[in-house]
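Q: Hi! Could you walk me through this model before I start working with it?

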Amino acid sequence: MESQETPDGPEGHQGMICASFNQDTTSLSVGTKSGYRLFSVTAVDKLDCIHEGVSTSIQPFPLSPPVECPDVYIVERLFSSSLVVVVSLSVPRRMNVYHFKKGTEICNYSYSNNILSVRLNRQRLVVCLEESIYIHNIKDMKLLKTLLNTPTNPSGLCALSVNHSNSYLAYPGNATIGEITVYDANNLSTVTLIQAHDSPLAALTFNASGTKLASASEKGTVIRVFTIPEGQRLFEFRRGMKRYVSISSLSFSVDAQFLCASSNTETVHIFKLEQHSPSREEESPTWSAYVGKMFTAASTYLPTQVSDMMHQDRAFATVRLNMFGLKNICALATIQKLPRLLVASSDGHLYIYNVDPQDGGECVLVQKHRLFDTDEELEEQREEEKPEDAPPQPANQSYAATVALSSTPPSSTTLMGYSEDGGTQKGEVIPEHEFAEGPVCLDDETEFPPVGNQSN
């Protein structure tokens, strides 16, 4: 559920670089040219900005002078906790992990190449590079596994199950065809390989329980759903036939009854995951059911490609956006007890639609929120918040420097991808943390994230 873009069209918001929903779709994270913003999306009528992190000053290398880190192109929040992961275009090989409510940096890691994506759940934090993947234990940020020489993955495509009891990780198993590698990030072993598509993969996502995996290829015409861990094809949906599109996001509803897909076109599709019962069709011998049976019978004599097309389900519901060619991400959520479709667009807005779970059809827009204030509103806000006798601030002060920071610097290490399992010896470079027995509750900021023992 992440989108990275550099809007270059006239309608794209010039301050927005990326956007992502958190694991339970209660929060929206937006990376900007000046830092990042976190929004609460638990209500329809209002969009609360719960935190705004301005560009931070960090040291890209030990003993080097600090530099400003604007242009945040990756920002991921862990559920409703205060842990947020940030990567800046200024230092694209450095991952910073913050406790945003305290304004402190927990730790940072540097890698041998640019970071393309980050995924996290309550047990694991996964960092994806173009040809390698790093798996960390999120409780203490210890590096558990380094997957080297993975197939070339220039977009950093990967998906991590939000269910920490299984922590399945999916990533491309081949650079030229749509093969999926499913990896157990808890037991650190490969589970299965899925031959999903003929062309390279473009999108992957797990359902909330980690028992289903949806995929789309670069053609963008067919979306498939597989059982996990078996890897058996369960559903096949056809998004369209006329043109190839770039699928930018896939997302299941929390009950895995629906799957939404957004692309660079003006249409967002919602598919319903239901098995068709033959007995019900026999009980109601309508003309359409009769024609459907004729097509089904005839498909056995047709070429495989034509036969597969006739068995693919179409969209249950759709949304027509007032834009074309702009990247966006979509998510299905239950807000105020009703099913909603959320679309965060690179035009700088969040769109909220009502979804009819019974009849589907065209979804109704109920709210449109602006993710960025206008210049006039920003100026008014600065004037209102400006104290009368405020002391001058240092020119390059970071947002973390506006709160009390300890005298001990945050932990930092560089991972060079030296061996398959060698990363496990690197854990000691992270300062001591408050370890917890078993899974920890991350929704309470007093319990997580654990901050290293530091002197005040």
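What follows is a short chat about confidence, cores and strands.

Q: What kind of model is this, and what cut-offs apply?
A: This is a predicted model: local features need pLDDT of at least 70, side-chain atom pairs count only at pLDDT 80 or more, and totals for chains, interfaces and linings use all residues. Residues are numbered from 1 along each chain as its sequence is written, and side-chain values use heavy atoms, with hydrogens and water left out.

Q: Thanks! What is the mean pLDDT of the protein chain?
A: The mean is 78, and 66% of the residues reach 70 or more. pLDDT is the predictor's confidence in each residue, from 0 to 100.

Q: Good to know. How many residues has the largest nonpolar core?
A: That core has 25 residues, and M95, I115, V118, L125 and V127 have the most contacts inside it. A nonpolar core here is a set of buried Ala, Val, Leu, Ile, Met, Phe, Trp, Tyr and Cys residues joined through side-chain atoms within 4.5 Å. Buried means under 20% relative accessible area, exposed over 50%, and partly exposed in between, with a 1.4 Å probe and protein chains only.

Q: And which elements give two or more residues to it?
A: Strand 8 (72-77), strand 9 (83-88), strand 10 (91-99), strand 11 (104-111), strand 12 (117-120) and strand 13 (124-128) do. Strand 11 gives the most, with four residues. Strands are DSSP runs of E with at least two residues, helices are runs of H or I with at least four, and both are numbered from the N terminus.

Q: What lies apart from that core?
A: Another core, of 19 residues, which includes L28, V41, A344 and I352.

Q: Back to I115: what does I115 touch?
A: Leaving out residues up to four places away in sequence, I115 touches Y73, I74, V87, P92, R93, R94, M95, V127, C128 and L129. C128 is 13 residues from I115 in sequence, with 6.2 Å from C-alpha to C-alpha.

Q: Is C128 buried or exposed?
A: C128, which lies in strand 13, counts as buried because its relative accessibility is 1%. Beyond four places in sequence, its contacts are I115, L116, S117, I133, N153, G156 and C158.

Q: Switching to strand 9, which way do its residues point?
A: L83, V85 and V87 point one way, V84, V86 and S88 the other way, and all are buried. In a regular strand the side chains alternate between the two faces of the sheet.

Q: How does strand 9 pair with strand 8?
A: They pair in the antiparallel sense over five bridges, and V72 has S88 as its bridge partner. Pairing requires that DSSP finds at least two bridges between two strands. Their hairpin has five residues between the strands, and F79 takes a positive phi near 45° there.

Q: How many bridges join strand 9 to strand 10?
A: Five, again running antiparallel, with V84 opposite Y98. These two strands form a hairpin with two residues between them.

Q: Last one: what order has the open sheet of four strands?
A: The order is 16-17-18-19, with antiparallel pairing. Strand 16 (159-160) and strand 19 (189-197) are the edge strands, each pairing on one side only. Strand 16 and strand 17 (residues 168-172) share two bridges, and A159 stands opposite A170.

Notes
Contact = heavy atoms within 4.5 Å.
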